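Reader: I am new to this structure. Please take me through a single part of it, closely and in plain terms.

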Amino acid sequence: MFAFWKYGYEGASMGVLMKATGLGKTSLYRTFGSKEELFQRALELYHSEYLDFRVEALAETTPKRIAEKLLYGIATLHTGEATPPGCLETNGALACGPDNDPIREELARKRDLIGPALSERLRETSVDGPLPRGLDADATAALLVTLIQGMAVQAKGGHSRMELESTVRAALSLWDGTEKEDEADPSAPPAA
């Protein structure tokens, strides 16, 4: 999983995958069937082990709290000391050539699943807390998804957690001046 996360689907050569798994080429194919099947298993592991915070974020009670939990979680994930920078899905999709269009399309499909769920949850919670001024649930979700993907690219390019969290604070300022919001998430990093 970390090899695909670091190098992308195409960048994770057989040599890289053999070193990462400790298996020879024949054993690798016998165990996983193909590079694509190994990648699918890596994606499943990534979703089950690293994206739980998204479920927790969607369980928050107001749109701003959802955005806080989601965006700070993304900043932490994409800049973790024990993980490669960026997002496995974004890293994998950005470096796919035409021979691997099915992989790129699958990654885009998985990545895009958060949008509708986020939009629906923002709509539901907007009765308990405001959306940013001038934005509806769909526009807010689209903005957050775009920000999430941009943060993944920035992290891959070497931006620090502090830089990403500064971006998060700027995004959360969209709620400034809206109706009184519940207290900020106590687990969120303090504003600088």
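What covers the buried residues of H8?

Author: Three helices are included in that cover: helix H1 (2-11), helix H4 (35-50) and helix H7 (88-94). First, some ground rules. This is a predicted model, where local features need pLDDT of at least 70, side-chain atom pairs count only at pLDDT 80 or more, and totals for chains, interfaces and linings use all residues. Residues are numbered from 1 along each chain as its sequence is written, and side-chain values use heavy atoms, with hydrogens and water left out.

Now the helix itself. Helices are DSSP runs of H or I with at least four residues, and strands are runs of E with at least two, numbered from the N terminus. H8 takes in residues 101-112. Its twelve residues should span 16 Å at 1.5 Å a residue, and its end C-alpha atoms are 16 Å apart, which agrees. The expected span is 1.5 Å times one less than the number of residues.

Which residues of H8 are buried? They are Ile103, Leu107, Ala108 and Lys110. Seen down the axis of H8, the buried residues fall within an arc of 165°, so they line one face of the helix. Buried means under 20% relative accessible area, exposed means over 50%, and partly exposed lies in between (1.4 Å probe, protein chains only). The arc is that of the directions from the helix axis to the C-beta atoms.

H7 turns up again elsewhere. Together with helix H6 (63-78), helix H9 (114-125) and helix H11 (161-172), H7 is included in what covers the buried residues of H10. The buried residues of H10 include Ala137, Leu144, Ile148 and Ala155. For H10, 20 residues should span 28 Å, and the end C-alpha atoms are 29 Å apart, which agrees.

Take one residue there. Ala155 sits in H10, residues 137-156. Its relative accessible area is 3%, so Ala155 is buried. Contact means heavy atoms within 4.5 Å. Leaving aside neighbours within four places in sequence, Ala155 is in contact with His78, Thr79, Pro85, Gly86 and Leu164.

Step back to the chain. It has eleven helices and zero strands. Of its 192 residues, 45% count as buried. Among contacts between residues at least 6 apart in sequence, 69% join residues at least 24 apart. The C-alpha atoms fill a box of roughly 60 × 30 × 25 Å, taken along the principal axes.
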